[in-house]
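This report describes how the parts of one structure meet, first within a chain and then between chains. The sequence and structure are shown below.

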Number of protein chains: 2
Amino acid sequence: MTIKREKPREKFGYDPQKVIKKLEGIGYQILEAVKQGKNPHIDVPMRGISNVYYDEATKTIQMGDKISRRYFLHVAHAKKFMQTVLIAAYIKRLVGEMKHASLREAYYANKHSVGGTKENTFEDQIESNAIIEDLERTLGVLREEMHITADRRGYIYGDITIKDGEDEFNTSKLGMGGWAVPGTVEHLKFTQINVDYALVVETAAMADRLIEEKFPKKENALIIATQGQASRGVRRLIHRLHYEEGLPIIVFTDGDPYGWYIYSTIKQGSINLAYLSDKLATPEAKFVGMTMDDIERYGLQRVTEKLKGIPPNKKGGPTGDYKRILEEMEYPWFKNREWQRQLKMAIKLGVRIEQQALAHKSLEFVAKKYLPEKIANEELLP
Amino acid sequence: MTIKREKPREKFGYDPQKVIKKLEGIGYQILEAVKQGKNPHIDVPMRGISNVYYDEATKTIQMGDKISRRYFLHVAHAKKFMQTVLIAAYIKRLVGEMKHASLREAYYANKHSVGGTKENTFEDQIESNAIIEDLERTLGVLREEMHITADRRGYIYGDITIKDGEDEFNTSKLGMGGWAVPGTVEHLKFTQINVDYALVVETAAMADRLIEEKFPKKENALIIATQGQASRGVRRLIHRLHYEEGLPIIVFTDGDPYGWYIYSTIKQGSINLAYLSDKLATPEAKFVGMTMDDIERYGLQRVTEKLKGIPPNKKGGPTGDYKRILEEMEYPWFKNREWQRQLKMAIKLGVRIEQQALAHKSLEFVAKKYLPEKIANEELLP
């Protein structure tokens, strides 16, 4: 049995004109209210945990339908209303001019005094960030689609050809470096895909190990190095490669609460960003390791590390890693036999196991035995 | 006046055979002592502040000549002696097989029990890291030359063509992504350089701004995004581009103690790594901004941020940013009129200014006015 590319289920959907139309919609609605002598308002879906739920059908975190109405003529709303209109106008200009701005640039660009007063439009970036999130929720578009870029991190390596503007390149022909994933990946076209699946790797050191061992070529895999928690650009790239290109996604992290959290975010999105699940999450992603079973199976007992914090059955516990593992046991997508077993075992053994601990066997081990064997036998966690 | 590429002053010098010879040298010396019935030893240059000095001539931090002798038959030395021999043998194998390992892999690969005892060769990665640093100092080679890779971070974009193994590519033809700089850049060949200088940029958001504004093409510049403190790979790349390819290096960071520290490290190396100054530092790098003068000159008063901590003239001060600035004022390479003026002004104004604050003028401002003007007029700090 080998993992193979599946049939695509989504089509590339980014249309800047649609985003502009949606932004204009807000403007027209306000204008209409003014003309009719009414108090203009904007309806913004509520943020926070009270307005999210786990949807069993799509297996993602989704936003509920609670709305908060923001009025122009309201002493508690007026500033936010003004800020929303300012940022919406700014974004419309960005998208119209095919320009991108970072969250920080958007803040600085819109920070100024309000004519004739000592008031500033924004006092802190927290304010403009919140408005941008509001617009994402209100319009149902990613901030990347509004040309607001997230911090970038991560790179890819493997036999796929990408068209980015006028440039077209194969990400397996860039030496040991690989292609740096930009903050926004909406505009990318995948002109050729000669891999069977994508392997998402937590650490750069492990990704580089696999590149050096020629794993991508031998196993027909695309390597996606997240370099820690996956950036939004990388998560969106993973989503697009899975749904638009049919690439199975297999995640490879350290065997510890942080690694499992990275997997969890790729798979399900975070609660903060629930409203983006449809575009950022990849619930069908699978997990290859590191697992607690690997320790015995591959004789890694000498190269585990102790979990940090106090175990649940000790005085003062649980804290640290133990606390995080117990929290992860409550995630709906970890509520299955396989994951519960892993997480319980971690608490019982009191250890973590890193990807790079596999070097204890030999440098080649991970690329020649560990991954090919587990992936071919589909020994993957859900 | 425009900044132009200079005449190269170093030739590409990496020779794996030389590294192997040096490692074998240690082995032969030990073997010789054993044959002669003597107690084998290894001489390791001492680490730490007591064995470094600032060399006015080369303008870099250099290692002194204090030596610490490590004996095999010595109860306090035996373990370190064994560890040194283990790691040296491991590295010889790596280099011989043209393989690379991360610091962490080197640790795991060499961690095992000592035959017939309950002792482990290494208990913690700190021990193996220290041995690798010892070998760098002892042999006078970078750990990258010994195929031990550092954590990677950073990317480049601009009209240069790189040969990395069998691949050859131009880093201005990779869409908005750019080329991800690997941990080791020793093996890279620069087959074509069509830029006049390299602009080293602290934040990815600013590098991406410049790419979007087509700054690299218009100004004939290579963009090197460090994404925070420059990784060793990026620092080595900067060094090579300057000395081997004659590219002037211009650094662009936030106007705050952390940004100036990033500049300082690129320029002079850190005290920890003094023994690497000759290969990692680029003392001739210059600094374009952000400076304290920029605030008034470009009308950025509304978009500064307050320094953190307590000023030196207030009770309990100096702490935080103020303390760091005062420390930086003591760096030998900042002991000049221009830098003392900047750093004093920062303390006096009590503010910092970010690269992205330039977006307050307009998104294009940094690419169309700020940088071209300052660079053309050579308004650069030493």
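Across the interface of domain 1 of chain A and domain 2 of chain A, seven residue pairs are in polar contact, both residues at pLDDT 80 or more. A polar contact is a pair of N or O atoms within 3.5 Å; within protein, one must be able to donate a hydrogen and the other to accept it, and residues adjacent in sequence count only if both atoms are side-chain atoms. On the side of domain 1 of chain A that touches domain 2 of chain A, the elements giving two or more residues are strand E2 (52-55), strand E3 (60-63) and helix H4 (125-139) of chain A. Of these, E3(A) gives the most, with four residues. Helices (H or I, at least four residues) and strands (E, at least two) are DSSP runs, numbered from the N terminus. By class, that side of domain 1 of chain A has seven nonpolar, six polar and seven charged residues. Ala, Val, Leu, Ile, Met, Phe, Trp, Tyr, Cys and Pro count as nonpolar, Asp, Glu, Lys and Arg as charged, and the others, Gly among them, as polar.

The model is predicted: local features need pLDDT of at least 70, side-chain atom pairs count only at pLDDT 80 or more, and totals for chains, interfaces and linings use all residues. Residues are numbered from 1 along each chain as its sequence is written, chains are lettered from A and ligands numbered from 1 in the order in which they are written, and side-chain values use heavy atoms, with hydrogens and water left out.

**The two domains**

Chain A is assigned domain 1 (16-149) and domain 2 (155-376), with bounds from an automatic or database domain assignment. The centres of domain 1 of chain A and domain 2 of chain A, taken over C-alpha atoms, are 33 Å apart. Their contact (heavy atoms within 4.5 Å) takes 20 residues from domain 1 of chain A and 21 residues from domain 2 of chain A. A:Ile61, A:Leu142 and A:Glu144 supply 37% of the area that domain 1 of chain A buries against domain 2 of chain A, more than any other three residues.

**The two chains**

A rotation of 180° with 0.0 Å of shift along its axis superposes chain A on chain B, with an RMSD of 0.0 Å; that is the relation of a two-fold axis. The superposition is by least squares on the C-alpha atoms of residues with pLDDT of at least 70 in both copies. Between the chains, 50 residues of chain A are in contact with 50 residues of chain B. In chain A, A:Tyr108, A:Arg152 and A:Arg302 lose the most area to chain B, together 17% of what that side buries.

Buried area is the accessible area (1.4 Å probe) that two parts lose on being put together, summed over both. The table gives it for each interface.

| Interface | Buried area | Share from carbon and sulfur atoms |
|---|---|---|
| Domain 1 of chain A and domain 2 of chain A | about 1,700 Å² | 61% |
| Chain A and chain B | about 4,300 Å² | 46% |

**Salt bridges**

A salt bridge is a side-chain nitrogen of Lys or Arg within 4 Å of a carboxyl oxygen of Asp or Glu. The whole structure has 64 salt bridges over all chains. Three cross the interface of domain 1 of chain A and domain 2 of chain A, and twelve cross the interface of chain A and chain B. A:Glu136 and A:Arg232 meet in a salt bridge at 3.0 Å, N to O, while B:Glu364 pairs with A:Lys99, the closest N and O atoms being 2.8 Å apart.
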